[in-house]
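Me: I have a structure open and would like to go through how its parts touch. Can we take it step by step?

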Amino acid sequence: MTLLSVEDLHVHFVTRGLDNRIRTARALNGVSFTVEQGEIVGLVGETGAGKSLTALAAMGLLRPPAMIPTGAIRFDGQNILALPPRELNAIRGVRMTMIVQSPLTSLDPLARVGDQLVRMQQQHSRISRAEAVKRALAVLDEVRVADPERRMRAWPHELSGGMAQRVLIAMALVNRPRLVIADEPTTGLDVTVQAQVLDTLRDLVRANGMSAIIITHDLGVVAHHCDRMAVMFAGTIVEQGRVSDVFREQRHPYTRALISATPKRIAAQGFGQVGGTPPDLYNLPGGCLYRDRCGRATELCTSAPPLIGIGPGHGVLCHHAAEIPAP
Amino acid sequence: MSIATTDSAPARPGVIGWIIGLARRSPTFALGFAIVLVFAVLALGADWLAPFDPVQTFPFAVLKPPGGDFVLGSDGNGMDVLSRVIHGSRYAFGISLPAGALMVVIGVPLGVVAGYKGGVTDEVLIRILDVLRAFPTIILSLAVVAAAGASLLNVVLVIGFLDSPIFARIVRAEVLALRSATFVRAAVAVGNPPWRVMFVHILPNAIMGAIAQLPVRMSWAVRISATLAFVGVGVQAPAPEWGAMIRQGAEFVISGEWWVATFPGLALIALVLGFNLLGDGLQDLLDPRRRATGK
Amino acid sequence: MTGQAPILAVRDLVKRFPAAKGAQVHAVNGVSFEIAAGETIGLVGESGSGKSTIGLLVTRLIAVTAGSILFGGRDITTLPEAEMRALRAEIQIVFQDPWGALNPRMTIGRALDEPLMLHTDLDAQTRRKRMLEIADRVRLPRASLERFPHELSGGQLQRVCIARAIATRPKLIVLDEPTSSLDLSVRAGILQLLEELRKETGAAMLFISHDLETVELVSDRVLVLYLGSVVEQGPTEALFASPAHPYTQTLLSANLPPDPEAKLARHRALGEIPSPINLPPGCAFASRCPLVLPACREGMPASHELGQGHRAACLRIADGSNRLVD
């Protein structure tokens, strides 16, 4: 069953420059993907590709100067973009929650961990404090916070980075959401701690039949913690499919460039074609947005690339997708 | 997510372009700048703009009310108030500009050295500055000018010295924050000697707060020099200095000749206000927190 | 290692920082290593491992608490300030954050000219020629020389920093996480550049990183640091093929290769990295080690030679019980 579907989502940032000219940054340019019940989808891409923006749009959190000229976001059958604020609030934080990048700034510094977990529950449902405390303790235990009773009384600044990230995961899971969006959940954590946190998140999502979107720039995280993946470039999804299919086929030239830019692949295959800057979002060319950096670009690429199906659920936004042999 | 933005302000070269850019973003700055500019023009063009010589006396036209030949009236010596107000702006700038320069020349290097060297050097310098600041400035300047003589140079020196600690403090705080910045470390690593690290690398990045403060302190210089002249220890009458003119005019307010004190007073208020607006505007514009979000 | 004298020899390096309430941060606790001319050493570790502190000590941007750092046979820890400044032509450093590493009010051209101006007697015209050569070498567009740092991308800025570091043809370049804050495809370009420069200039490199895969790619030898101590060191291939110290094993198993087919070991250390303030005696990893023995907490374990300069400091190695199993 499809839990979240994003269809042809466009996001523009409209600002007024110093010279009073109106400028439009086309940050998302037709993003479409779905998240099925029980699966973990990885959104991967580089800075400015639109990963976090996609998540914010899905959460209904975009505010001016961001505008959505076209597109639809359906969560559990409801159109997020058309929902009145009250109904949106009933979804956000309850059925759809988010884990953000910087744990220490995302917790309220003036409230104890336990109070924040209780507040998170009471905001959205009539639940007694005793019941809420019980559930908070249970969820802290689930995210493997040692000695939950003591941690409930801790202030955010007393937590280490890894512990704070676990508390944030607990906050995101305490209302038993159907979808968790984790935006770079382990960036800034040490490698050994990162591994623990990712394991915990995945195990909990699996055990509770939830769905998750993991936003990351780390291909290793996608390769080992996601079922499906979408590769983003300049506000478009250039390739998406099952993780094993995408890594095996790498049909979009950008996907291929990205994967071959990892040290492991460089060690094996040497330096491939690297470099290039992302296109200027204020001044996007027509046609394929990747063509300036693409070694395979032809005359054809000046027109908008079609979405070509490679296999079941595996699509590539490229004129030449069918001709590109698997590596 | 970040969107790559490039400011595409129309490029005008040099200082004028910079000022126009600032004025566009801050009306406060624009207004302050305009007021100060008006007085600057008056000061520079006083010889042509003033209808009379400011110290020429007209014995038969003592205490004439505004109107007629004397647009703003004449004072107790039969001198033209308008001409004296216009020439007074020369004293205002003649004191505040060199005093401001002195504050910067003394205060900024002290602040840079104290902030960068730290430790004992910093401790000693800051304590000395604290002592200087602990004196009530008006009393100290009165005492110094009274003791050393009421010359224009003495007024400038006193004001310049007394305010330099403010600049030392502001710059020191910025330098302290920058001292461990990566680019400063990189400058040391490349092999820069300490003076280059301090004055080529750190100073240009630590000077913004001081620049914003300068007009505010110059307004203070205008005020204090007028105060000194008003109490009779600064610039002496019949020199067309606003403070001295207000002192002279104060005698006539009771007898109804209000214009002698009022017009130099208004000029003083306007210029002080102008400097302060200029400073406030700069502060807003140069504040890094505003710069970060003000795109 | 080759037979020739090392370009850098670090002996029993110790650095402590004062912390609140008279406590001390034990950043580096007796680290020794050598770098041969032209060799690249990888320093790998997590936060609190002291790897960046070692970079700053080796370039004498901070002073040592104890120990010696011999560069070309001279102890730089006791060198007078002026002599050290002259020596900086031969020891250079590239920092992690290219956005912060350049003076925001200095054009790129002036920043690149600076090392030449400070360390050579060349006139402005000759310097300009050299500068253009260097800019071309690091594939920096010549037009960017007239620009200010905020007008360049992160990758370009890092090329500027590298250009600045190689301008005086140093014998040793310290690279402190030079690619960590860059996007993947930009990162690959920088790594490629460093690889080329290493071959061309023969400069020795100290490559500091938390990223195992990058270290594996660029280093001849690797030192694994944990809380200020070297727990394991050796030739890159040997160390990555058979990590001996339990910490190295955990670290390697926490790495996620960009390949869904790769088999992952799941050795997880217990808990988190303790604070480096007032460290207890014994092995630094004892508090998180799944194989900890009572003796581990008593004294620093001796280093075991495993062949070809591959050494690890773990008591378990003696009887071969140092392998973690799932």
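Me: What area is buried between domain 1 of chain C and domain 2 of chain C?
Reply: About 1400 Å², with 61% of that from carbon and sulfur atoms. Buried area is the accessible area (1.4 Å probe) that two parts lose on being put together, summed over both. Thr168(C), Leu193(C) and Leu197(C) supply 36% of what domain 1 of chain C buries there, more than any other three residues.

Me: What should I know about the model and the numbering?
Reply: This is a predicted model, where local features need pLDDT of at least 70 and side-chain atom pairs count only at pLDDT 80 or more, while totals for chains, interfaces and linings use all residues. Residues are numbered from 1 along each chain as its sequence is written, chains are lettered from A and ligands numbered from 1 in the order in which they are written, and side-chain values use heavy atoms, with hydrogens and water left out.

Me: Ok, where are the two domains of chain C?
Reply: Domain 1 covers 6-90 + 168-319, and domain 2 covers 109-167. These bounds come from an automatic or database domain assignment. The C-alpha centres of the two domains lie 30 Å apart.

Me: How many salt bridges are there between them?
Reply: Three. A salt bridge is a side-chain nitrogen of Lys or Arg within 4 Å of a carboxyl oxygen of Asp or Glu. Glu196(C) and Arg137(C) form a salt bridge through their side chains, at 2.9 Å, N to O.

Me: And which elements of domain 1 give two or more residues to that side?
Reply: Helix 2 (81-87) and helix 6 (184-201) of chain C. Helix 6 gives the most, nine residues. Helices here are DSSP runs (H or I, at least four residues), numbered from the N terminus.

Me: Switching topic: how many residues of chain C are in contact with chain A?
Reply: 37 residues of chain C, against 36 residues of chain A. Contact means heavy atoms within 4.5 Å. Chains C and A bury about 3100 Å² between them, 60% of it on carbon and sulfur atoms. On the chain C side, Leu184(C), Pro258(C) and Glu272(C) lose the most area, together 21% of what that side buries.

Me: How many salt bridges there?
Reply: One is found across the interface of chain C and chain A. The side chains of Glu216(C) and Lys264(A) form a salt bridge at 3.3 Å, N to O.

Me: Which helix gives the largest share of chain C's side?
Reply: Helix 6 of chain C, with eight residues.
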